[in-house]
Amino acid sequence: MKLVGIAGSVADKSYNRLLLKFIATHFSDTVDVEILDIQDVPMFNQSDDQTNSDAVQYLSHKIQQADGVIIATPEHNHTITAALKSVIEWLSFSIHPLSGKPVMIVGASYYDQGSSRAQLNLRQILESPGVDAVVMPGNEFLLGEVKDAFDDQHNLKDPRTVGFLKETLEKFVKFVKVINTMNGPVEDDSWKSEDLEAHGKVETTIEGVDMHAADWVEQAAAKTHAAEGDDTVKLDRGVLTVNQLNYFLNSMPMELTYADANNQFIYYNHNADAKDMMAARTPAQAGNPMADCHPKRAIPHVQQVIHMLRTGKTDLFKLPVPGNGPEKYIMHYYQAMHDAKGEYKGINEFVLDILPIVKYYLAHTGQVLAKDPNAKADAISGASAKSADAKPDSVSGASADAEPEQPDEVSAASADPEPVKPEVDSVSGASSNDN
Amino acid sequence: MHKFIAIVGTNSDQSTNRKLLQFMQKHFADQAAIELVEIKDLPMFNKPENKQVPAAATAIAEKIDQADGVIISTPEYDHSAPAVLMNALEWLSFHIHPFVDKPVMIIGASYGSLGTSRAQAHLRQILDSPELRARIMPSSEFLLGHSLQAFDEDGNLIDAQKLAKLTGLFTDFQTFVDITAELNHANEANRQEVQNVNWDKL
């Protein structure tokens, strides 16, 4: 079993690091513990995202590859150190390597408390939804009076302490197995790599323009000297002016949205006000990273859908959006776009009400809708939120995991002002709880 | 007129906690002089063996010493106070002790609806530790949820009820500061004890 150990101290001399080293050497026949260094991790700052720094990526990779994590925490001011907290904040901001990871907490202190309050506090922090670690309950290992605890060879002196530590570690080994079994057979979590903040770039990304700017379109157009008005554009197959293209796209009987391969929302056919749209968008949203267009709790589902499209698990993801009454049946379609070589170029999201089409067909062929007695979900109305939870059979190649809990959560770039429910607070990592 | 130091509990460029403190500074200008203090420039606390406290920390400690009380506005990261704020408090209790018996008011703002409830409880626990020994105003919480929508263009708190609550708490805090000044019989002992709380022994 492969574990990583993190000592929550950046002091030159740390008894917690010593304790981890003891665990690593003394119990090497039980577990393989690699001790990770947090010395070079910068102070967390949400306005200076250093998730991609070597120090943070190193920790993230090591943790992801490990079966479990042991954290040894000192106690400063009745809580954990800022250095350890900063590490956890980076690991819960735009990446979540601790999610679902079994964690064992130990701690050492100079005085008799053995970091009792810091451990309790660390437990609370690790269990917050942004971090989402699975901390082993009970089995507190509190090493007080630590200055006298080790001999010259850096071994724990008291055999009872060693015995209790061994017992605790053996329980943790079982716990790791149970939790990792529960987490499922080597779950494919590559979808987590989808960066909805659009930090990366593709060859078409317009750099130097703030994606969040309300006038992104104007700025980006100025920067690229974009064709407009009566300028002509050669297309496959035809030649149109930009005006003609706009007439064409704005008259499509559906709402169209273009999200590029960098997960940036760069276009929609603006032919109605947000309030009159099926999936509301506002002019100021164009240019936003996709993360801006979704409530936090929806982000994983959006990531999963995008990843399926990017990786070709499916080319078309269909999603009925209920709650619009019996007179509408609004569908969100997510169509993967590719270039001639088959390279992924983004998503064409189109939203339309298909009920008029169905009605037209029925009226003109002299048929009526009839209930299928064998159907599980109400196939006609789709108006209940429940039916959306049912497995949409239209999702070819989608795993059950990838299914959205709530349909509107997946709508790309939807401006629906999602009511912020209390749990939004709890789903956020370091990222959404302001500052 | 009371003089307060207001600590912005984040290093983020955009912060509604900073906004909240700026609003208080302006709104209560006729009642108290509030000076905002930033904690971004403090290095990561590493318990240096040479006991050297960075100048940025001693400068803040100096301001706190001179003030009648401290207001801290905290964000909430992972159900607790942000590392950068914890870091400041580590430095401000490492061989310097500006918080001993100092009246403190805790407030906080968050984008979600909870308004940093858990971070405030955490901060209370930290400030109550023997290294800090602050006098935190009891039984009071100011939780500003949905903080992105809470201010108008001029930085004023929009919600009248919230404003009334804040005004009440701030008035109470001023009273609390005066009362705390009376609760002075253990000041010397507290100061002595905190000197004895040696980081090398803890």
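User: Where is B:Leu20 found in this structure?

Analyst: Welcome! In this predicted model, B:Leu20 is found in helix α1 of chain B, which covers residues 16-27.

User: Why is B:Leu20 called buried?

Analyst: Buried means under 20% relative accessible area. B:Leu20 has 0% relative accessibility, so B:Leu20 counts as buried.

User: What makes up the secondary structure of chain B?

Analyst: Chain B has six helices and six strands. Read from the N terminus, their order is β-α-β-α-β-α-β-α-β-β-α-α. Of the 202 residues in chain B, 56% are buried.

User: How do you know that B:Lys63 and B:Glu35 form a salt bridge?

Analyst: The cut-off is a side-chain nitrogen of Lys or Arg within 4 Å of a carboxyl oxygen of Asp or Glu. The closest N and O atoms of B:Lys63 and B:Glu35 are 2.6 Å apart, so the pair forms a salt bridge. B:Lys63 lies in helix α2 and B:Glu35 in strand β2, so the pair ties together parts of chain B that are 28 residues apart in sequence.

User: Why are B:Lys63 and B:Glu35 called partly exposed?

Analyst: Partly exposed is the range between buried, under 20%, and exposed, over 50%. B:Lys63 has a relative accessible area of 33%, so B:Lys63 is partly exposed. B:Glu35 has 35%, so B:Glu35 is partly exposed too.

User: Is A:Arg281 buried or exposed, and how do you know?

Analyst: A:Arg281 has 1% relative accessibility and the cut-off for buried is under 20%, so A:Arg281 counts as buried. A:Arg281 sits in the loop between β10 (265-268) and α8 (299-311) of chain A.

User: What makes the pairing of A:Arg281 and A:Glu349 a polar contact?

Analyst: A polar contact needs a pair of N or O atoms within 3.5 Å. The side chains of A:Arg281 and A:Glu349 are joined by such a contact at 2.9 Å. The side chain of A:Arg281 also makes a polar contact with that of A:Thr257, at 2.7 Å.

How values were computed. Residues numbered from 1 in each chain as written. Chains lettered and ligands numbered in written order. Predicted model: local features only at pLDDT ≥ 70, side-chain atom pairs only at ≥ 80, totals over all residues. Heavy atoms only, no water. Helix = DSSP H or I, 4+ residues; strand = E, 2+ residues; numbered from the N terminus. Buried < 20%, exposed > 50% of the residue type's maximum accessible area, 1.4 Å probe, protein only. Polar contact = N/O pair within 3.5 Å; in protein donor to acceptor, adjacent residues only side chain to side chain.
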